[in-house]
Amino acid sequence: MTAPIPRDIPDLPAIPCVPALLPSPVPATAVVAPVRRPLAAVYRLLVALTAAAAVTIDLLLGSPTQVLGHFTIQSTILLALVFTFSARRAWTARRPLPSAVTGATLLYVVIAALVYHLLLANGAAPFSTAGSTAGTVPTDPTAPTGWHTLTNHLLHTAIPTAALLDWLLLTTPGRLHLRQAATWLLYPLTYLAFSLARGELLLPGTPGRYLYPFLDAGLHGYKTVLGNALLLGLSCYALAILLVGLDHTRPNTVRHRAKTGFRLQPPVG
């Protein structure tokens, strides 16, 4: 015989909910051993020293306040600082600098190089300054033109090329993002405001009142200058998008085998 089924069945206690798994706070370096990159460190340090030397020479040849006002000089100083910190991180096997910083630095030195070669040093360009120092130190008959030529080549050709090679050969691809492109333009916009404000504060006829001919509001008027700035801004944004696209399509030349601490054994049987 079977026992009668009770009419009042007591409620069973609720099964406690299993808590969701939380993300592990263990850093990746606890599993993957950090890798030192002495070759990248030495290369970046040499580029940083070359950039610092070129800026120092220009400061000695011209007026420091006027030299430091150029976009080329400012972007080169930024590159020297970023490459110095990047070299230290590569030498000590630390994580690289944020891509927002390195990408912005690369964009600024490339912009300076393109503006120099396409607008300033190009004799066919409407804003050409061919035959002068083309956007860095103003022409001075008493200054040694040989040093000016050397710094122009370093600032507008050699150093931007070295930065591009570092990006292509010594940097892991896929780290730049499209959302960063707009924020990178904040510095060029700030520089535009600085250049126009500087020109208004200086008296008309002051040498180097406007540091770049396409931003000379005293000669071309604000309507033309703002139109030139708009075209340059759109070109800079397009260049930033191009760098991001290339960063996600270029091959990975920074491949290394890192020891993870785990070794797979062949299956038994």
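**Helix packing and a pocket**

Author: The crossing of helix 3 and helix 7 is right-handed, where a helix is a DSSP run of H or I with at least four residues, numbered from the N terminus. The model is predicted, so that local features need pLDDT of at least 70 and side-chain atom pairs count only at pLDDT 80 or more, while totals for chains, interfaces and linings use all residues. Residues are numbered from 1 along each chain as its sequence is written, and side-chain values use heavy atoms, with hydrogens and water left out.

Reader: What makes a crossing right-handed or left-handed?

Author: The near helix is turned from the far one, clockwise for right-handed and anticlockwise by less than a right angle for left-handed. Helix 7 also crosses helix 9 in the right-handed sense, whereas the crossing of helix 1 and helix 3 is left-handed.

Reader: Why are helix 3 and helix 7 called oblique to each other?

Author: Helix 3 and helix 7 pack at an angle of about 140 degrees, with their axes 12 Å apart. Such angles run from 0 to 180 degrees between N-to-C directions, and the axes are lines fitted to C-alpha atoms over the stretch in contact. Under 35 degrees counts as roughly parallel, over 145 as roughly antiparallel and 65 to 115 as roughly perpendicular, with the rest oblique. Helix 3 and helix 7 are therefore oblique.

Reader: How do you know which residues of helix 3 and helix 7 meet?

Author: Contact means heavy atoms within 4.5 Å, and Phe71, Gln74 and Ser75 in helix 3 meet Tyr187, Pro188, Tyr191 and Phe194 in helix 7. The residues of this contact divide into five nonpolar, two polar and no charged, where Ala, Val, Leu, Ile, Met, Phe, Trp, Tyr, Cys and Pro count as nonpolar, Asp, Glu, Lys and Arg as charged, and the others, Gly among them, as polar.

Reader: What makes helix 7 roughly antiparallel to helix 9?

Author: Helix 7 and helix 9 pack at about 160 degrees, with their axes 12 Å apart. That angle makes helix 7 roughly antiparallel to helix 9. Leu192, Leu196 and Glu200 in helix 7 meet Tyr222, Val225, Leu226 and Ala229 in helix 9, a contact with six nonpolar, no polar and one charged residues.

Reader: Why are helix 1 and helix 3 called roughly antiparallel?

Author: Helix 1, residues 38–61, packs with helix 3 at an angle of about 155 degrees, with their axes 8 Å apart. Helix 1 and helix 3 are therefore roughly antiparallel to each other. The residues of their contact divide into 18 nonpolar, three polar and two charged.

Reader: How do you know which residues line the second largest pocket?

Author: A pocket is an open set of points on a 1 Å grid over the protein atoms alone where a 1.4 Å probe fits, with protein on both sides within 12 Å along at least five of seven lines, and lining residues have an atom within 4 Å of a point. The second largest pocket is lined by 32 residues, with Ile111, Val115, Leu232, Gly233 and Cys236 nearest its centre. Helix 9 supplies the largest share of this lining, 10 residues. By class, the lining of the second largest pocket has 26 nonpolar, six polar and no charged residues.

Conventions:
Helices (H or I, at least four residues) and strands (E, at least two) are DSSP runs, numbered from the N terminus.
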